[in-house]
Amino acid sequence: MIFLKTPEEIATLKRANQLVGKTLAEVGKAIKPGITTIELDKIAEDFIRSNGATPGFLGYGGFPNTLCISVNENVVHGIPSSYALKEGDIVSVDCGTIVDGFYGDSAFTFCVGEVDEKVKRLLKTTREALYLGIEQAVEGNRIGDIGHAIQRHCESHGYSVVRDLVGHGVGKDMHEAPEVPNFGKKGQGVMLKEGMVIAIEPMINMGNKAVVFEKDGWTVRTIDHKPSAHFEHTVAIHQGKAEILSSFDFVDEVLKNK
């Protein structure tokens, strides 16, 4: 079942998602060679709780931490650990919050120090694809229009789109209907309606689209160990233009000043 949100519920969802954006910025301030991913996780948990909210991922389905932190060939759902980031790594940070019973969900892939230009292009293309998908997220369009825009952009640059993982509805549960694939055909799939709230999250690989699930039961990595990028926004469906409830503005400000 797809739950349509009232304007009041969307306002609460926006508060939850804005806090995710601010949390990602706090994590971004600390990202540098030598810091461990578990240290980043602690920064996020402390910041979320200090803002009167609850970490959305911690304990969700048994997940043990506040952040999903996925480095290099890890696509999503990486578990924070004693791994120390290295110069040239890329790191996807996926964060969730709960504010007044509603979830926020957004992700950003960061560079650690100086990163290879080929990898930076992967990140740039993935972020561009996210916004191209969002442009299609309007009342009267269909889910396939979003996926088609993302797939066309990424594949035209020689990258592949992960098929095994998709975006999703967001509300009182972090994963609601409908599923939002990052591939598809125009005019196919669920019709988008005013009040729907969805997370659009391209997961794009430099190499093969195939992924494997690691033995920890969570981490998903590329089958060929090539890098993967991940960017995610939660958006509300309206007529004419989607409302982006999450934000990269806080992150971009931090990165500009680093």
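Reader: Hi! At what angle do helix α3 and helix α4 pack, and how far apart are their axes?
Author: Hello! Helix α3 (residues 117-135) and helix α4 (residues 143-156) pack at an angle of about 155 degrees, and their axes are 8 Å apart. That makes α3 roughly antiparallel to α4. This is a predicted model, where local features need pLDDT of at least 70 and side-chain atom pairs count only at pLDDT 80 or more, while totals for chains, interfaces and linings use all residues. Residues are numbered from 1 along each chain as its sequence is written, and side-chain values use heavy atoms, with hydrogens and water left out.

Reader: What do those helix terms rest on?
Author: Helices (H or I, at least four residues) and strands (E, at least two) are DSSP runs, numbered from the N terminus. Axes are lines fitted to C-alpha atoms, for helices over the stretch in contact, and angles run from 0 to 180 degrees between N-to-C directions. Angles under 35 degrees count as roughly parallel, over 145 as roughly antiparallel, 65 to 115 as roughly perpendicular and the rest as oblique.

Reader: Which residues make the contact of α3 and α4?
Author: From α3 come Thr125, Glu128, Ala129, Leu132 and Gly133, and from α4 come Ile146, Ala149, Ile150, His153 and Cys154 (contact means heavy atoms within 4.5 Å).

Reader: Now α1. How do the axes of α1 and α5 run?
Author: The axes of α1 (residues 7-30) and α5 (residues 249-257) come within 7 Å and cross at roughly 20 degrees. The two helices are therefore roughly parallel to each other.

Reader: And who meets whom there?
Author: Gln18, Gly21, Lys22, Leu24, Ala25, Gly28 and Lys29 in α1 meet Phe250, Val251 and Val254 in α5.

Reader: What about α1 and α2, at what angle do they pack?
Author: α1 and α2 (residues 37-50) pack at about 145 degrees, with their axes 9 Å apart. On the α1 side the contact has Leu19, Lys22, Thr23, Glu26, Val27 and Ala30, and these meet Leu40, Ile43, Ala44, Phe47 and Ile48 in α2.

Reader: Switching to rings: how many aromatic pairs are there?
Author: A search of the whole structure finds seven aromatic pairs. Rings of Phe, Tyr and Trp (its six-membered ring) pair if their centres lie within 6.5 Å; planes under 30 degrees apart count as stacked, over 60 as edge-to-face and the rest as tilted. Phe63 and Trp218 form an edge-to-face pair, 5.0 Å centre to centre with 85 degrees between the planes.

Reader: Where do Phe63 and Trp218 lie?
Author: Phe63 lies in the loop between β1 (54-55) and β2 (67-71), and Trp218 in the loop between β11 (211-213) and β12 (220-222), so the pair ties together parts that are 155 residues apart in sequence.

Reader: Is each one buried or exposed?
Author: Phe63 counts as buried at 4% relative accessibility, while Trp218 is partly exposed at 25%. Buried means under 20% relative accessible area, exposed over 50%, partly exposed in between (1.4 Å probe, protein chains only).

Reader: Which rings link into a cluster?
Author: Ring pairs link Phe108, Phe110, Tyr131, Phe231 and Phe248. Both Phe108 and Phe110 are buried.

Reader: Last one: where is Val235, and what is it in contact with?
Author: Val235 is in strand β14 (residues 233-236) and is buried, with a relative accessible area of 0%. Leaving aside neighbours within four places in sequence, its contacts include Ile134, Ala137, Met196 and Leu245. Val235 and Ile10 are 225 residues apart in sequence and 9.4 Å apart in space, C-alpha to C-alpha.
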